Amino acid sequence: MTTTPSTLPDGGPRTHYLNAAYGLKSWLLTRDHKRIALLYLVSVSVFFALGGFMAVLIRMELATPEGDFFQPDIYNRLFTMHGVLMIFFFLIPGIPAVLGNFLIPLMIGAKDLAFPRINLFSWYLYSIGGALTLWALLHGGVDTGWTFYTPLSTNYVSTSVLTVGVGIFIAGFSSILTGLNFVVTIHRMRAPGMTWFRLPLFVWGHYATSIIQILGTPVVAITILLIAAERVFHVGVFDPKIGGDPVLFQHLFWFYSHPAVYIMILPAMGVISELVATFSRKPIFGYKFVAFASIGIAVLGFLVWGHHMFVAGQSIYAGVIFSVLSMLVAVPSAIKVFNWTATLYKGSISWDTPMLYALGFIGLFTIGGLTGVMLATLGIDAHVHDTYFIIAHFHYIMVGGAIMGYLGGLHYWWPKITGRMYPVFWSKLSALVVFVGFNVTFFPQFILGYLGMPRRYHSYPPEFQVLNVMSSAGATVLGLGYLMPLIYFTWSMRYGPKAPANPWGATGLEWQTTSPPPVLNFETPPVVTTAPYTYPVAANAPEVRSV
Amino acid sequence: MSEDSPGLAHHFDSYEQQKDSATLGMWTFLVTEILFFGGLFAAYGLYRTSYPAAFRAGSHELDITLGCFNTVVLIASSLTMALAVRGGQTGRGKLASVLLVLTMVLGTVFLVVKGFEYHDKFVHHHIPGPSFHFEGPESNHVQMFFVLYFAMTGLHALHMIIGILLVGYVAKRAWSGAYTPQNYNFLEGTGLYWHFVDLVWIFLFPLLYLIGRH
Amino acid sequence: MSVSSHVQPLKTYFGIFGALMILTALTVGAAFINLGPANNFVALAIAVLKSTLVILYFMHVKGNTKLVPVIILSGVFFLFILFLLLAADYGTRGWLGVPGR
């Protein structure tokens with residue numbers, strides 16, 4: 001593989017997407033998917049920081065059993081805004097809009113996404129939605145929990161439900177348009193020879209994600225619209241006074257919001273598949289199984305929403321159906337975990353930073369997934385519903401899974417995105433600190449929940465204090481772990497050593513163009529002739545015996 | 001945009017790829033619309049099964065003649081739209097433009113009739129809310145029927161308004177010859193959107209106007 | 001799938017329009033005849049038939065790539081899932097005879 005020099009033979013600097021044009025206008029009016037990805041990177045980082053700041057305040061309050069820092073109503077706003085910002089403005093757009101946006105055209109050998117203007121438009125929608133939500137935050141915020149359950153959200157609270165609802169509605173549109181763009185791009189823009197089974201698993205993961213974004217988001221959009229209408233007109237479809245059923249809201253809400261969890265985790269799984277293959281120097285074990293497992297998770301994800309409503313007044317028979325269906329999701333998820341493990345087996349593993357994050361993901365996702373099976377069991381869920389067990393479970397999936405995948409992906413593709421390397425020592429340290437900090441924060445919450453500590457309270461019985469202090473201390477460590485990449489990534493953009501085209505010796509199409517890529521991604525249009533992950537057997541790799 | 005292929009965006013290799021992408025994108029968007037209205041239809045299905053008598057009573061308050069008239073108007077507008085797209089396909093921009101204006105006129109007629117119907121509901125205090133009044137049993141559940149009636153037809157009307165504005169823009173572009181047989185994708189996409197709005201009405205009409213008429 | 005995908009003859013469009021008009025008359029007519037629960041079924045069946053005609057001919061799905069029907073049907077399928085699992089809840093409420101279950 002030839003490495004392209006960063007300067008042309010005549011000595012002038014090479015033109016790439018970052019130095020092709022300068023100035024604010026060249027960014028805010030760009031249609032280049034790579035630049036739009038960077039716009040998203042900045043915006044989601046802002047929301048991650050804000051959401052994280054609220055998490056810090058929450059953990060601060062919970063360090064002691066008494067309510068010392070915040071009144072209960074302020075505490076309600078804190079955890080609601082933490083959830084709203086993290087879910088709708090960080091986790092859902094996170095990997096697809098940043099890494100997916102940047103990489104899908106590169107990975108399939110296209111010049112851009114199918115609809116570049118819509119891509120930019122969706123960033124603006126996201127920003128408008130985010131700005132509205134922040135505006136609401138400054139004007140009292142919301143205190144319903146991020147789930148906006150009726151009739152609390154429609155009849156009782158007097159906080160900014162309407163503004164935040166509209167903000168989420170607009171951001172949802174952005175999510176739909178991103179998914180639509182990906183689907184059309186993957187169907188129509190593949191380079192010659194890039195057949196479906198030569199697509200990197202990252203692309204399969206995003207295809208599955210897009211299915212959910214397209215089919216699920218509209219349902220939550222209409223649901224939020226109905227909530228908004230009910231607040232404005234004081235009468236609506238969820239209003240019990242005229243025979244409405246508030247539980248219907250929960251059905252419609254979770255029809256999207258459960259699959260939304262897979263919007264967060266499927267792209268992360270795609271990232272992990274790339275990392276595991278690259279850093280074990282082996283093709284992914286059972287490529288087709290992993291690819292179809294992504295689609296399987298997306299489809300099954302639509303059949304399980306009722307497990308959020310086991311104790312909400314849903315019929316017990318529906319509960320049984322949803323319980324069984326929920327357990328089915330474990331099958332494709334387990335396929336993925338087993339296939340990653342099988343890929344590692346006898347691989348030539350190198351312990352680079354992205355791989356550390358990937359291994360962290362596999363462990364934490366497994367814990368999060370297995371506790372998910374526990375919660376799918378009706379009897380156990382009735383016991384631990386609305387306790388910290390739930391909090392711990394979904395943070396293992398969303399933070400231990402989605403954010404580990406996001407950070408692993410950022411560390412892996414950072415040289416491609418910026419053309420710079422980051423410091424090895426600090427980045428490895430950050431992976432370690434994040435892993436340790438995460439577990440210290442959230443593992444105690446499993447125990448707390450099992451012992452019966454309910455969620456959403458700012459005070460608790462004193463016997464829970466030891467575990468809560470542990471959790472708060474872990475959160476501090478976790479916060480430090482997240483600060484480190486922020487610092488060294490920013491540093492590397494200016495001072496980092498120049499990255500070669502393919503620093504990890506990976507096989508994907510995105511590594512065959514220069515770092516950073518030219519404006520139209522490839523100097524010569526690529527033609528694909530091989531399956532993904534065709535790693536040559538390294539000289540020092542142990543001999544692979546046939547089993 | 002290269003000079004020898006006008007109307008072909010830089011990141012596409014051929015007109016075929018560009019058109020296929022546009023068609024696919026528009027249909028994917030329409031699928032999101034199906035699910036968007038679907039949430040409302042789910043609520044409708046639940047409450048109609050729960051309160052059949054009230055829904056019958058509510059439906060009888062609607063004017064079936066106006067509903068019929070509007071159905072015919074909307075289907076006719078779909079015909080003019082389909083013919084306009086055919087005009088773009090065969091390179092007759094002026095013809096397409098005239099047909100598009102006709103589509104707008106028909107769409108406006110639909111909205112005006114809808115406005116009269118809404119006004120009638122207002123006069124009879126059938127607007128949900130504190131002033132709602134209905135003589136007869138289950139007046140609360142009849143109110144639910146009207147909540148759904150206004151939510152569904154209101155959302156449909158909103159789509160119509162967006163559609164009329166979009167058709168107006170396309171009519172102007174078509175008149176100035178912006179669409180060629182190679183690239184009339186925007187016209188085609190607008191057509192798909194308009195037909196979709198028609199489709200929604202095809203379901204709304206029997207579900208709202210024709211309950212238990214015998 | 002080529003760009004100048006074949007232009008449908010005018011008579012197709014007018015024929016479909018005529019069929020839609022007839023079906024509209026049918027659906028109104030059927031609503032005034034007491035068919036019991038079949039009334040709903042007839043109304044929905046005619047609506048589905050009408051929309052199929054619109055989709056196939058006015059929206060040019062007939063003669064287009066096979067992918068478009070797949071996309072439409074997947075949307076309809078997931079909507080069906082929503083309805084089905086909602087029915088699984090609301091249809092079985094009260095079976096246990098315990099209030100709230």
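**Exercise 1. Locate B:F110 in chain B, and state whether B:F110 is buried or exposed.**

Step 1. In this predicted model, B:F110 sits in helix α4 of chain B, residues 93–123. Helices are DSSP runs of H or I with at least four residues, and strands are runs of E with at least two, numbered from the N terminus.

Step 2. B:F110 counts as buried because its relative accessibility is 0%. Buried means under 20% relative accessible area, exposed over 50%, and partly exposed in between, with a 1.4 Å probe and protein chains only.

Step 3. Beyond neighbours within four places in sequence, B:F110 is in contact with B:N70, B:V73, B:L74, B:H156, B:M160 and B:W201. Contact means heavy atoms within 4.5 Å.

Step 4. From B:F110 to B:R213 the C-alpha distance is 23 Å, at a sequence separation of 103 residues.

Conventions: residues are numbered from 1 along each chain as its sequence is written, and chains are lettered from A and ligands numbered from 1 in the order in which they are written. Local features need pLDDT of at least 70, side-chain atom pairs count only at pLDDT 80 or more, totals for chains, interfaces and linings use all residues, and side-chain values use heavy atoms, without hydrogens and water.

**Exercise 2. Describe the fold of chain B as a whole.**

Step 1. Chain B has six helices and zero strands, in the order α-α-α-α-α-α along the sequence.

Step 2. Along the principal axes, its C-alpha atoms fill a box of roughly 70 × 30 × 30 Å.

Step 3. Of the 214 residues in chain B, 62% are buried. Among contacts in chain B with a separation of 6 or more, 78% join residues 24 or more positions apart.

**Exercise 3. Characterise the interface of chain B and chain C.**

Step 1. Chain B brings 47 residues to the contact and chain C brings 47 residues. In chain B, B:W27, B:R86 and B:H214 lose the most area to chain C, together 16% of what that side buries.

Step 2. The buried area is about 4,000 Å², with 79% from carbon and sulfur atoms. This is the accessible area (1.4 Å probe) that two parts lose on being put together, summed over both.

Step 3. Zero salt bridges are found across this interface, taking a side-chain nitrogen of Lys or Arg within 4 Å of a carboxyl oxygen of Asp or Glu as the criterion.

Step 4. On the side of chain B that touches chain C, α1 (15–50), α3 (64–89) and α6 (185–209) each supply at least two residues. The most come from α1(B), with 17 residues.
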